[in-house]
Amino acid sequence: MSDITAGSARRDPYRLSRTGGHGHGPLSATGHGQGGPASKFVTVAYGFWIFLLSDIIMFSAFFAAFAVLSKATASGPTGKELFELTRVAAQTGLLLTSSFTGGLATLATHRRSMAATQFWLLVTGLLGVAFLFLEVQEFAAMASEQAGPSRSAFLSAFFALVGCHGTHVGLGLLWLGTMMAQLWVKGFRPEMLRRLHCFGLFWHALDIIWVAIFTLVYLLGASP
Amino acid sequence: MSEIDSRTDEELDRRDSAPGEERITEHELAGGLSGYLLGFGLAILLTIASFLAAQTGLIYQPAVISALVVLAIAQMGVHLVFFLHLTTGPDNTNNVLALAFGVLIVALVVIGSVWIMAHLSLNMAAMSAHQAGMMP
């Protein structure tokens with residue numbers, strides 16, 4: 001933050017003007033426009049942001065299918081009969097807390113504390129495993145009550161939407177485990193910081209999708 | 001070579017924030033540990049409010065769906081601001097614009113599907129008893 005004292009930065013704290021910084025600071029023009037190319041950290045994270053938005057758009061198709069088919073129960077069991085809201089509340093608490101501990105891992109990464117980073121990543125992963133366990137339990141209970149995905153269009157859409165989110169959580173856990181091992185071996189190298197940052201984005205995005213699922217699928221489905 | 005090449009990735013690019021990058025300084029509301037704690041607390045409150053709105057008779061029944069949607073959008077906003085560090089600052093313009101485009105497509109897909117399918121079923125001719133008997 002030393003270049004805050006530079007005259008141009010005082011007039012233009014966000015550096016909106018690409019020409020305002022001539023000769024000041026490390027970002028004076030070096031081609032690719034006035035300010036030079038963005039750092040690899042920014043381009044990688046931005047690309048991953050675009051991926052996440054595409055993923056959310058894919059989820060929106062599953063949400064649309066569920067919304068259209070949610071009444072098509074083919075005289076089979078309805079959401080009101082099937083959903084256990086205590087389990088859903090527990091799942092929500094687990095995923096929300098894992099998002100929070102993921103944030104604590106990010107803060108520990110900023111401090112370059114290996115022990116704290118690994119600890120909070122481990123807590124995040126264990127909370128994710130507990131979430132996934134409850135979801136598999138729910139699916140197994142429903143399948144044993146003749147309410148599997150082939151029972152009605154409503155249940156097909158339900159298993160597709162919630163199962164897709166669960167698959168994302170499962171893949172995220174694999175990613176997390178791989179990254180904890182890599183971080184242990186490689187330390188806080190730039191590429192590890194990029195991967196940790198992308199994982200944080202992914203995990204928070206999963207939490208946002210779960211907010212939509214527990215509201216639209218479970219709470220609305222179970223409301224009288 | 002040049003100054004750009006000698007920079008490490010850890011150094012901040014001062015014009016654009018990476019999505020999710022914490023550029024907020026300590027004294028601001030959404031920064032650091034206090035920001036995560038505040039976001040976590042708000043998210044828990046909004047979750048409890050959602051479950052209460054759906055399960056108790058506190059809200060007039062036909063309005064429950066609107067209450068739930070509002071609470072869900074509020075909670076997504078809390079996640080975006082406190083966990084994903086999305087701000088209205090100029091260094092975040094690219095991230096916000098990408099998000100706005102994503103939200104537009106999501107709204108088109110969901111609202112458009114529900115709208116079209118609702119009208120389709122409304123305009124469908126009612127089946128006669130004979131036709132219903134032919135259904136698989």
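How many residues does the contact take from chain B and from chain A? It takes 51 residues from chain B and 63 residues from chain A. The legends below describe close-up views of this predicted model.

**Figure 1. The interface of chain B and chain A.** The size of an interface is often given as the accessible area lost when the parts come together. For chain B and chain A, the buried area is about 5,200 Å². Carbon and sulfur atoms give 75% of that area. Between the two chains, 4 residue pairs are in polar contact, counting pairs with both residues at pLDDT 80 or more. The number of salt bridges across the interface of chain B and chain A is 0.

**Figure 2. The side of chain B that touches chain A.** Between chain B and chain A there are 4 residue pairs in polar contact, both residues being at pLDDT 80 or more. On the chain B side, the elements that give two or more residues are helix 1 (3-6), helix 2 (32-55), helix 3 (64-83) and helix 4 (93-123) of chain B. Sorted by class, this side has 28 nonpolar residues, 13 polar residues and 10 charged residues.

**Figure 3. The salt bridge of A:Arg87 and A:Glu84.** A search of the whole structure finds 2 salt bridges over all chains. One of them joins the side chains of A:Arg87 and A:Glu84, with 3.3 Å from N to O. A:Arg87 counts as buried because its relative accessibility is 12%, under the 20% cut-off. A:Glu84, at 40% relative accessibility, counts as partly exposed.

**Figure 4. The salt bridge of A:Arg189 and A:Glu191.** Here the side chains of A:Arg189 and A:Glu191 meet, with 2.9 Å from N to O. Which of these residues is buried, and which is partly exposed? A:Glu191 counts as buried, at 19% relative accessibility. A:Arg189 has a relative accessible area of 38%, so A:Arg189 is partly exposed.

**Figure 5. An aromatic pair between two helices of chain A.** Over all chains, the structure holds 19 aromatic pairs. Among them is the pair of A:Phe66 and A:Phe154, which is tilted: the rings lie 5.9 Å apart centre to centre, with 50° between the planes. A:Phe66 is in helix 2 (residues 40-69) of chain A and A:Phe154 is in helix 6 (residues 153-186) of chain A, so the pair links parts of the chain that are 88 residues apart. A:Phe66 counts as buried at 7% relative accessibility, and A:Phe154 is buried with a relative accessible area of 3%.

**Figure 6. An aromatic cluster in chain A.** A:Phe66 and A:Phe154 belong to one aromatic cluster. The cluster also includes A:Phe83, A:Phe131, A:Phe139, A:Phe158, A:Phe159, A:Trp210 and A:Tyr218.

Notes:
Residues numbered from 1 in each chain as written. Chains lettered and ligands numbered in written order. Predicted model: local features only at pLDDT ≥ 70, side-chain atom pairs only at ≥ 80, totals over all residues. Heavy atoms only, no water. Salt bridge = Lys/Arg side-chain N within 4 Å of Asp/Glu carboxyl O. Buried < 20%, exposed > 50% of the residue type's maximum accessible area, 1.4 Å probe, protein only. Contact = heavy atoms within 4.5 Å. Buried area = accessible area lost by both parts, 1.4 Å probe. Polar contact = N/O pair within 3.5 Å; in protein donor to acceptor, adjacent residues only side chain to side chain. Helix = DSSP H or I, 4+ residues; strand = E, 2+ residues; numbered from the N terminus. Nonpolar A, V, L, I, M, F, W, Y, C, P; charged D, E, K, R; others polar. Phe/Tyr/Trp six-rings, centres within 6.5 Å; stacked < 30°, edge-to-face > 60°.
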